[in-house]
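Open the model in your viewer and keep the selection tool at hand. The stops below tell you what to pick next and what is there.

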Amino acid sequence: MTTALNQRLKDQVAVITGANRGIGRQIAIDLAAAGALVMATARNRDALADLKAQIDASGGVCECFQLDVSSETSAAGAIDQIISEQGRID
């Protein structure tokens with residue numbers, strides 16, 4: 001993950017919904033491999049632990065946030081927390 005080619009998204013903050021499985025999980029892995037700071041979200045925060053471990057072990061950066069996209073309150077809270085901690089979303 002340390003080659004220049006794989007760092008094209010270095011320091012970019014990416015939010016992925018449904019990141020604990022399926023397409024969302026693979027997108028999170030791919031963005032981390034490209035150097036992005038992955039903000040992985042899902043309804044069940046505990047289910048994201050395996051994804052975080054995999055990305056961290058590969059040299060990427062992954063933080064996990066609970067987010068239910070069907071709830072405006074949940075979505076706004078997660079986005080506010082990410083912006084508060086990271087300063088932006090790219």
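Buried means under 20% relative accessible area, exposed over 50%, and partly exposed in between, with a 1.4 Å probe and protein chains only. This is a predicted model: local features need pLDDT of at least 70, side-chain atom pairs count only at pLDDT 80 or more, and totals for chains, interfaces and linings use all residues. Residues are numbered from 1 along each chain as its sequence is written, and side-chain values use heavy atoms, with hydrogens and water left out.

**Stop 1: the sheet**

Show the cartoon. Helices (H or I, at least four residues) and strands (E, at least two) are DSSP runs, numbered from the N terminus. Two strands pair if DSSP finds at least two bridges between them. Here three strands form an open sheet in the order 1-2-3, with parallel pairing. Select 13-16 for strand 1 and 61-66 for strand 3: these are the edge strands, each pairing on one side only. Neighbouring strands are turned by 20° against each other on average, direction ignored. For such angles, axes are lines fitted to C-alpha atoms, for helices over the stretch in contact; the angles run from 0 to 180 degrees between N-to-C directions.

**Stop 2: strand 1 to strand 2**

Four bridges join strand 1 to strand 2. Pick I16; opposite stands A40 in strand 2. Now follow the chain from strand 1 through helix 1 to strand 2: this β-α-β crossover is right-handed. That term means that, with the strands pointing away from the viewer, the path from the first strand over the helix to the second runs clockwise.

**Stop 3: strand 2 to strand 3**

Select 37-42, which is strand 2; six bridges join strand 2 to strand 3. T41 stands opposite F65. The way from strand 2 to strand 3 goes through helix 2, again as a right-handed β-α-β crossover. Next, pick A42: its bridge partner in strand 3 is Q66.

**Stop 4: helices on the sheet**

Select 22-33. This is helix 1, lying across strand 1 and strand 2, at about 170° to strand 1. Then take 72-86, helix 3, which lies across strand 1, strand 2 and strand 3 and runs at about 145° to strand 3.

**Stop 5: the cores**

A nonpolar core is a set of buried Ala, Val, Leu, Ile, Met, Phe, Trp, Tyr and Cys residues joined through side-chain atoms within 4.5 Å. Which residues have the most contacts inside the largest core? Select A19, A28, V38, A40, L48, L51 and I55; the core has 15 residues. Strand 1, helix 1, strand 2, helix 2 (49-57) and strand 3 each give two or more residues to this core. Another core, of five residues, lies apart from it; V13, L37, M39 and I82 are among them.

Zoom in on I55. Contact means heavy atoms within 4.5 Å. Beyond its neighbours within four places in sequence, I55 touches A28, I29, A32, V38, G60, V61 and C62.

**Stop 6: two cysteines**

A disulfide is a pair of cysteine sulfur atoms within 2.5 Å. The structure holds zero disulfides. Pick C62: the nearest cysteine sulfur, that of C64, is 4.3 Å away. C62 counts as buried because its relative accessibility is 1%. C64 is buried too, at 9%.

**Stop 7: K10**

Finish at K10, in the segment before strand 1. Buried or partly exposed? K10 is partly exposed, because its relative accessible area is 48%. Draw a distance from K10 to F65: C-alpha to C-alpha, they are 21 Å apart in space and 55 residues apart in sequence.
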